[in-house]
Amino acid sequence: MGRIVALLMIAALAVPSSAAAQPPPAGAGVPAMAAVAAAGADFGALRKAGALSVKLVADWSELEPAKGQFVWKPLDDAVAAATAAGLTVVLVLAYTPKWASLASGPELSNRDIYSRQPPKRIGDWEAFVTGAVTRYKAKVKDWQIWTSLNLPFFRGTASEYLALLRAARSRSKAADPSSRIVMATPQGMDLSGIRRAMLQAGTSFDVISLNPQGLTPEALMRPLRALRDRLLANQQKEIWIEWDPRGQGDRQGWGEQWLKVVVLARTFRVARVFWSAPPTAEVDAARKTFDGLVGGRAFAGYLTVPGAVALVFGKTDAALIAWGTPSADLRVSANGSVYAANGDVRQPAAEERNLKVALAADPVIIADLDPEVVAQAGAVLQDKGLPVPTPGKDFAGVTEVRTKLGKANAEEGLYNMPFRSRRNGAVDVVEVDGAEAVRTNTSKEIVFIYFDVDDSFLYYVDGRATVEVSVEVRGASAPQQLGFNLLYDSMTGYRFTSWQWVEARPAWVTYTFKLTDAGFANTWGWDFAITAVGNRKEDLTVRSVTVRKIPKP
């Protein structure tokens, strides 16, 4: 089956909406163990493991190597085998043939360049879409446009991608009125990009496929709430998630990670979760635990516990899934035991139905909650809306957050330490005037200082406030040889501010940048970075950073 299957194959089970009128059949609602498969994948084994659907890449560059000359058989075989195994197939249309690509000159000798560029003629793409949908419409209804929209997978602009999306919608509907178009997204959670697509091409897709690589499961909560409450309010569009656990730890922790992603998907009405990693015993155990203790129960509400996530499923025989920081304690009234993700009893049921559970990063399931706990969780949902992580300290009521930089930062709602492990953000700690600061190191290409604003202070600003960022730096040793600017998450993607020269004097100087279009939605996991990439003769020393919000009328 060649490249067509090997490039991408992810299996998943549908995750039912909390609004479902009837509980799903036994075993439904649980994402299956699945793998990025090599050629000759065992579709039967995937289905036996619980998979309901599978993605296959329809590689245009392989299927139409010369204009008008199609080689369908490898994809025919893959679709037939997956369908025969009981899997619903999603075809991902991607990768441009050499003859159709925008590439020129030496680029045409590199498949990783020419195939990742959009076609130079939209008509060639339309002909391919028409041919594929016409051929497979009896077996395929969902058509995803491209795999992922970041380098190196897509080498076009946002406008070029939306043109492909619109054309695919038009051609697919003409060939099969029941077809659906799935919009791909970049890695991370690009709310600004989704907003732009909704405004410019909202009628051209039915499903948004998120690819939150680099984020923890907990980091899904705020963007999913923003999607539901702000971007997709009153919109009949599905959300899918492609989840690769390999960026979050070794295989031994995949079961716990799987459980978190599943319960969050059900909480936020994510229609499908695609698990793009090899099956493991840990994931299988977590799946069986979830099936036995939660099953098809719908999301009923949540409890507010500082530093913790505590989600309730079901109205009767309800279960609670919780995890959090080591300092978080959960007290609930329940008649059931506390279970680990692998099904082991972590804590037996307490006398008089009062359970005190010390939480940790690994999730636990508490069975058989008392009705008053379910009622309390439902009241919180009714009052506060969909959940977000409950912070250990809430910065919603303050006007500014800040950090003083050094070996161990003094961080008050503005975080840099989590990004010190990045190769280009591992700044040097220095002492100036008897106090610690940090310094970039151009010789080692350490030229970024990354920051994340606490989400309780600012998240997905969307024009609701002007943001001021004040940066305290050490004066330059000579005029116009040291400067910096900010790279920040805006409502139209990451943008640079204008360059700021640092004045030449042996003292600390503060410069303030006013951002009227801040997004701060953690698209790549951080909100802004101080960039000193343009300096060659001197490195930038920074002592403190302050972020203020000025609400707009």
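Helices α6 and α7 are oblique to each other; angles under 35 degrees count as roughly parallel, over 145 as roughly antiparallel, 65 to 115 as roughly perpendicular, and the rest as oblique. The model is predicted: local features need pLDDT of at least 70, side-chain atom pairs count only at pLDDT 80 or more, and totals for chains, interfaces and linings use all residues. Residues are numbered from 1 along each chain as its sequence is written, and side-chain values use heavy atoms, with hydrogens and water left out.

Two packed helices are described by the angle between their axes and the distance between the axes. For α6 (residues 122-136) and α7 (residues 158-175), the angle is about 40° and the axes lie 9 Å apart. Axes are lines fitted to C-alpha atoms, for helices over the stretch in contact, and angles run from 0 to 180 degrees between N-to-C directions. Helices (H or I, at least four residues) and strands (E, at least two) are DSSP runs, numbered from the N terminus.

The crossing of α6 and α7 is right-handed, meaning that the near helix is turned clockwise from the far one by less than a right angle. Contact (heavy atoms within 4.5 Å) involves residues of α6 including Trp125, Val129 and Val133, and residues of α7 including Leu164, Ala168 and Arg171. Nine residues of this contact are nonpolar, three are polar and two are charged. Ala, Val, Leu, Ile, Met, Phe, Trp, Tyr, Cys and Pro count as nonpolar, Asp, Glu, Lys and Arg as charged, and the others, Gly among them, as polar.

Six strands form an open antiparallel sheet, ordered β9-β10-β11-β16-β13-β14. Strands pair if DSSP finds at least two bridges between them. β9 (299-302) and β14 (345-347) are at the edges; each has a single partner strand, so one side of each lacks a neighbour in the sheet. Neighbouring strands are turned by 30° against each other on average, direction ignored. Three bridges join β9 to β10 (residues 308-313). Tyr302 has Leu311 of β10 as its bridge partner. Helix α12 (residues 371-384) lies across β9 and β10, at about 80° to β9.

The loop between β4 (140-145) and α7 contains Pro152. A cis peptide bond joins Leu151 to Pro152, with omega about 5°. Trp146 is in the loop between β4 and α7. Phi of Trp146 is positive, near 75°. Trp146 is buried (under 20% relative accessible area), at 0%.

Definitions and conventions: Buried means under 20% relative accessible area, exposed over 50%, partly exposed in between (1.4 Å probe, protein chains only).
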